[in-house]
Amino acid sequence: MSFGTQYKTASYQTDTKNLLGLVQKLKSEFPHLLLLDIFARENYRGHALPEGVSNRPTIDFFLEYRFLDIDSLENINISMGVQNDRYVPSIAGLFVNASWCEREAYEMYGIGLQNETRTNLLTPPVVGERSFPFRRDKFEDVDGPAWGPFQMDKSFFRPRSVEKNAPENFYMGKILGPIIACPNGPVRLLMDIEGESIKKAYLEVGFSHRALEKKLEGKSVNEIPLYLERLSHLAPHYGSYLSAFFFETLFHITIPERAQGIRMAILEMSRIMSHCVALENLFYTYDQHLPLTVMKWARAKCCELFLELSEGNYFGDLIIVGGLKRDIPRTFPIKCLAFVHELNNHIVSVASYLHHNQAWLAHTQLVPLDHHLGLRYGVLGPNIRASGINLDFRKRIKPYFYSEIDFDIPLGVTGTTHDRTLIRMEEIKQSLRIISQVLDHVPEGDILSRNLNAEIAQKMAAVFPVDETFIPRHRAMVEGPEGPLMLEIYFQPNRLLITAMSDLKIERFRFLSGGFMAAQCLPNVLSDQPHESALGALYSFNINFAEVDR
Amino acid sequence: MSARFNLPIIKHERVPALTLSSETFLEQLRHWSNFQYLLPYFAQFSCCSYGMENLYRSGEIEIAGKNIFCSVQPVSRQADILIVGGVISKKLSPYLLEVYQEMLFPRWVISVGACASAGGPFKSYAIEAGLSALFPVDVYVPGCPPTEKAIIEGLRILQKRVEDRQCSAVTEPDMISRALR
Ligand code: SF4
C-alpha cells in the first residue's frame, strides 16, 4: 500500500531558464510520467540571518516539482530556486495538471508564474492589495501576516456572464453548491448550459481551506496524526497510517507481524467506509432506496466496529508509529467476520439489482472519463481503474501480507458513472475478501515494536545531525482509497542533539491527495454531458474536498 | 340517534386556549406550533458530518421522551432550526449567511462541534472563530466530532428552551400585528 520511497529517486537542481527544457527532456525520456505535486517553500537559511545583515540571499523561494514514472515507479524530483520579483515559466503546457498547483504557489507565496490565471483557488477574493498568507514577515513591513478582516469583493456574488458580449452571455448559467456533497465537503459547480448539455463547467474549491500547512509550521511532529485523521475523514485511518508510515520509513522501523495484520484489516475497513460514502451519495441522488439502505447500514456498522476499537471516538488514533495503540478485543474478529459475510451477500444482490434496473442504467451510463485524459491529469485510484487502467499499488508493491493474500483488481471499461459505481462495489467485495483472509491468520505477539524509543533515539543522530545549515526532509506516499496520499516534511535544522520524536520541529509541511487532481479533471469530463448528470458524476468521483482545500 | 361528535384530544398542558383577544390567541398558537413542530435544516461541512450524516438522511428525528414532530428539511427556506457543524472558513461564511437569511421566522441555531462553536483545532487565518460572529447561536453541542446522541440532545435542549420561552428567538418584528391588519 506504500510506494515511492523505497524506489529509485532522481533529483535535479535547475533554474528558471532551464526548467522547461529539463521537463521536456524528462517527458520524452519517460513516456508515462505523472506530475504528482508542485509546491513552494521559502529559503529559510536566508530567513535565519540576524537582523541588520543586508546581504539577503539571491534565492527567496524554492519551487519543488515531484514526478512519478508509473512504469518503473521511479521518483523524479526537481528543485528550482526563485527570486521574489522574477517571473517563473509555467509547465502547464507540458503537464496540464500543473495549473492548479501553480495557482496555489502564486496565491500562497506570491511567486509570479507565467500562466494565464490570476484567480484565487483556495482563499476568497479580496479587494485591494493582495497579501500572501504563507509568506513570513521577511517581505512584509507589518507585524505578522497581513490577513483579514477583509472586505468582500463585490463581484464575488455576480455571475461571470455580466460582462458585455462575453460568449457566456448566450448560455444559461446553473450553479450547484456550495452546500452539496455533504460528507465530502463544500464545493461549487458552475455550469454554462445550452439546451440540455453543459458547454463549460467550472469547479470552485477552497470552501474548507483551513491553512493546515501554515498552521503546522514550527510545531512538533506529534500533532500531525490529529490533523491528518480529521482531514481525511472519509477514511480516517489512512490519515494516521500515513503519518505512522512516514516515520517508519524515515527511521527504518519494522513493525511486528500482528500489528501488520491488524493494520491491513483496519485499513481495508476504512476503504469500505470511503466507498460507502460515494455509493450512498449516488443512490440518494438517483432515488435508489434499496441499495441506499444497504450502504447506510454498512457504514453505520463499520462506524460501530471502529468505535469499539477506538473506545468511543470516531478518530481514535489507532495506528501509531511502530505498530498499534491498542490491541483488538477477542470478540472483534468474530463480529467483523459476521459483518463481512453479511455485507458480501448484500453487495451481490445490490449489484444484480442495479444491473437490471433500466432507470438507473439510463441515468448513469454517462459522463465517461477517457483514460488518456485521466492520466494526463494524474487521476489515480478507483476512478482511473474504472476507465480500464490497471494501476493498484497494493498489488505492485505488496506491503505487509498483500503478497500472501488472494485478491483481484477490478477494472472498468468505459469509465462512466455506472462503471465507477460498480468498481466501488467490486472493491468493497475484494476488501471483504482481504479482511476475511487476514483475520483468519493474524499471528499472536506484540502490537508495538519493542525498544521503539531506544531504536528511534539511536537513529535520530544519523538522520538529524547537529548542523545549523542542514535541512532534513522526507517524503512518503501511501495508496489511499481514492488515489495516493502524499506527505512531505522539511524539518528545522538542529542546534542541539535530539533524541525524541517530540523534539522534531516542522519547517514546511506538505500534504496532497489524489482528489486534488481528480477535482481538476472533473470540469473537462463534464463538458457536452447532460446537466442533470453533473451531480451524480461529482459524487461518483468521491473527492474529499477537505483534503483538496487542506 | 344523533351521531356522537368527538373532539380531538391534544395531550399537552399548553394547548392554546380560547381567548377574547385574537392577538393573544394567535401568539399562543404560534408558540405552540414552534415547540411542537421542529423543522431543522442541516448544514454540515467537514469531519463533523460523521455524526450528522445519518440524521440528515433520516427524514424524521425521534427525540426520546418527547411527543413532538421533528422533520428534517431538504432546503433552508422551509426550516426554522439551522444545525451547523464543521469547519467554517471565511470563504464559506457569506454563503452560510445567505442560508440563514432564507430561513423561516422565528429561527434558531444549533452549533455542532468545536470548530463551528469556537474555531476548534484548525483555528487559523482562514477560519471563522465561531458561528456567533455571523449570527446568534442558541445551543452549542460540544465534541470533536459530537456523536449522533449528542446532537439529538442538543435538539431536545433547544426544544425545551423554546417551550419555556427561554430562547430569545430571532423574530421578524411585529409580524403578527401585520398579519392582523
Ligand atoms: S469539531 Fe472536530 S470533527 Fe468537527 S469539524 Fe472541527 S475538527 Fe472536525
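Is Glu64(A) buried or exposed? The first of these close-ups of a predicted model takes up that residue.

View 1. Glu64(A) counts as buried, because its relative accessibility is 3% and the cut-off for buried is under 20%. Its salt-bridge partner is Arg41(A), and the closest N and O atoms of the two lie 2.8 Å apart. For context, 32 salt bridges are found over all chains in a search of the whole structure.

**View 2. Arg550(A) meets Glu104(A) in a salt bridge.** Here the closest N and O atoms are 3.0 Å apart. Distant parts of the chain are linked by this pair, 446 residues apart: Arg550(A) sits in the segment after helix 18 (545–549) of chain A, while Glu104(A) sits in helix 3 (residues 98–109) of chain A. Arg550(A) counts as buried at 3% relative accessibility, and Glu104(A) is buried with a relative accessible area of 6%. Look around the pair, too: Arg550(A) and Glu104(A) are part of a network of salt bridges that also links Asp37(A), Glu213(A), Arg508(A) and Arg510(A).

View 3. At 0% relative accessibility Arg263(A) counts as buried, and Glu248(A) counts as buried at 5%.

**View 4. An open sheet of three strands in chain A.** The strands follow the order 12-13-14, and their pairing is antiparallel. Strand 12 (473–480) and strand 14 (506–513) of chain A stand at the edges; each has a single partner strand, so one side of each is left without a neighbour in the sheet. On average, neighbouring strands are turned by 10 degrees against each other, direction ignored. Helix 16 (residues 514–526) of chain A packs on the sheet and touches strand 13 and strand 14 of chain A; the direction of helix 16 makes about 50 degrees with that of strand 14. Between strand 12 and strand 13 (residues 483–491) of chain A there are eight bridges. To get your bearings on this pair of strands, find Met477(A), which stands opposite Met486(A) in strand 13 of chain A.

**View 5. The contact between chain B and chain A.** Chain B brings 34 residues to the contact and chain A brings 46 residues. About 3,600 Å² is buried between the two chains, and carbon and sulfur atoms give 65% of that area. On the chain B side, Tyr50(B), Lys91(B) and Tyr125(B) lose the most area to chain A, together 26% of what that side buries. Strand 2 (40–44), helix 2 (49–57) and helix 3 (93–102) of chain B are the elements that give two or more residues to the side touching chain A. Helix 2 of chain B gives the most, with seven residues. What kinds of pairs join the chains? Seven residue pairs are in polar contact across the interface, while the count of salt bridges between chain B and chain A is zero.

Methods:
Residues numbered from 1 in each chain as written. Chains lettered and ligands numbered in written order. Predicted model: local features only at pLDDT ≥ 70, side-chain atom pairs only at ≥ 80, totals over all residues. Heavy atoms only, no water. Pairing = 2+ DSSP bridges. Helix = DSSP H or I, 4+ residues; strand = E, 2+ residues; numbered from the N terminus. Axes fitted to C-alpha atoms, helices over the stretch in contact; angles between N-to-C directions. Contact = heavy atoms within 4.5 Å. Salt bridge = Lys/Arg side-chain N within 4 Å of Asp/Glu carboxyl O. Buried < 20%, exposed > 50% of the residue type's maximum accessible area, 1.4 Å probe, protein only. Buried area = accessible area lost by both parts, 1.4 Å probe. Polar contact = N/O pair within 3.5 Å; in protein donor to acceptor, adjacent residues only side chain to side chain.
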